[in-house]
Amino acid sequence: MLQSILNFVETTGIARLFETDGWWKTLVMIGLSFVLIYFAIVKKYEPLLLLPIAIGMLLTNLPGAGLFHLEMWIDETGTMKVAESIKMVLNKGGFLDLLYIGVKLGIYPCIIFMGIGAMTDFAPLISNPKSLLIGAGAQLGVFVAFSGALISGVFSLAEAASIGIIGGADGPTAILVTKTLAPSLLGAIAIAAYSYMALIPMIQPTFMRLLTTKKERMIRMSTLRQVSKTEKILFPIIVTAVVGLIIPDALALIGCLMFGNLLNVCGVTERLSKTAQNELMNIVTIFLGISVGATASAENFLRLETLLIIGLGLVAFAISTCGGLITAKVMNWISGGKINPLIGSAGVSAVPMAARVAQLEGQKADPSNFLLMHAMGPNVAGVIGSAVAAGVFLSMFVR
């Protein structure tokens, strides 16, 4: 009986926690997961994804459970053949290993983009195609952070590309690029990307006020023209074809984004559109968050590289915001003062939060001004721009 009790004690997580010298790292990660849970529930920072990520982090760091095995996905070279990894997972993988297959195969980010497309109105972008220029300008932070990561000498080309994509403020895109180019950094990059997305209302206003004058913030833009149903239907089809012909590596994301939007605007697939927006997207969001969080194990997360990623991610996001604002200011000058530069901040990919921030800042200068629909054009363009940037990186480093 005594031996049975001893055997039980030896199998507890508490006993296994102190079997290694890195036990304190495990406690730090468990504490960090509690912090993320607090931010998700109490502060409501991107709770739909931050909470699953936090729970995945907690589950993977509780000793002895064996729910996730990073060594099945990453070898000493930093990656592993997908077929080999899946074979090991099916034979002896844990629960989170099985869910991670959807991340590794790029399934979850694409399905989420399908849901985003179904929920997004592209009419402001169709009505004002010049918004594409602002969305492109807001990708500046992606390439600045990419360059900074390379200059640091700590990261490889592929890892630098994964870090740079944080500047697009698009979590699914960052995950898709990182799972391919730098899977060992997935936890840190995903947490950084979604954290900065959640902090948009606190980060962006400072740069918006710094780079614009009150007079510019008070500019009233003319009403957007009405977009016909035919235009709404043709737009996703044409964008899919054009992007597929020019940057095939971006087609998975862009194709799903446009397909989701087509389901919404065509008028004959309402049930499919609602499924993509709600049930399907909600299910995949849970799977994506919890499996990505599982990659943030103590030995993989608590490194100097993680701090650099978080810092470079903040720089990327800030530069992207500034890039959008500066592009909008130039367009305002060219147009003779007809464009409110605040909509440039919405050029990052966080839909529709960045557009709402532009609207709120505009109303602080002029309470009767309404910028939301004008800001949605650059916001949607930012989604397309970040996916294209991801395709460029993938085409450069995956062959």
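Which helix supplies the largest share of the lining of the largest pocket? H19 does, with four residues. The model shown here is predicted, so to speak from pLDDT: local features need at least 70 and side-chain atom pairs 80 or more, while totals for chains, interfaces and linings use all residues.Which helix supplies the largest share of the lining of the largest pocket? Helix H19 does, with four residues.

View 1. Numbering runs from 1 along each chain as its sequence is written, and side-chain values use heavy atoms, with hydrogens and water left out. The largest pocket has a volume of about 820 Å³. A pocket here is an open set of points, on a 1 Å grid over the protein atoms alone, where a 1.4 Å probe fits, with protein on both sides within 12 Å along at least five of seven lines. Its volume is the space filled by probe spheres set on the points, joined across faces, edges and corners. Of its 29 lining residues (an atom within 4 Å of a point), Glu46, Leu48, Met119, Met281 and Val351 lie nearest the centre.

**View 2. Helices around the largest pocket.** Helices are DSSP runs (H or I, at least four residues) numbered from the N terminus. Among those that each give at least two lining residues are H4 (47-61), H19 (279-293) and H23 (372-397).

**View 3. The second largest pocket.** About 450 Å³ of space lies here. Thr60, Asn61, Pro63, Gly64 and Glu299 are the closest to its centre, out of 24 lining residues. H4 gives the most to this lining, three residues, and H2 (13-17), H3 (23-41) and H20 (298-301) each supply at least two.
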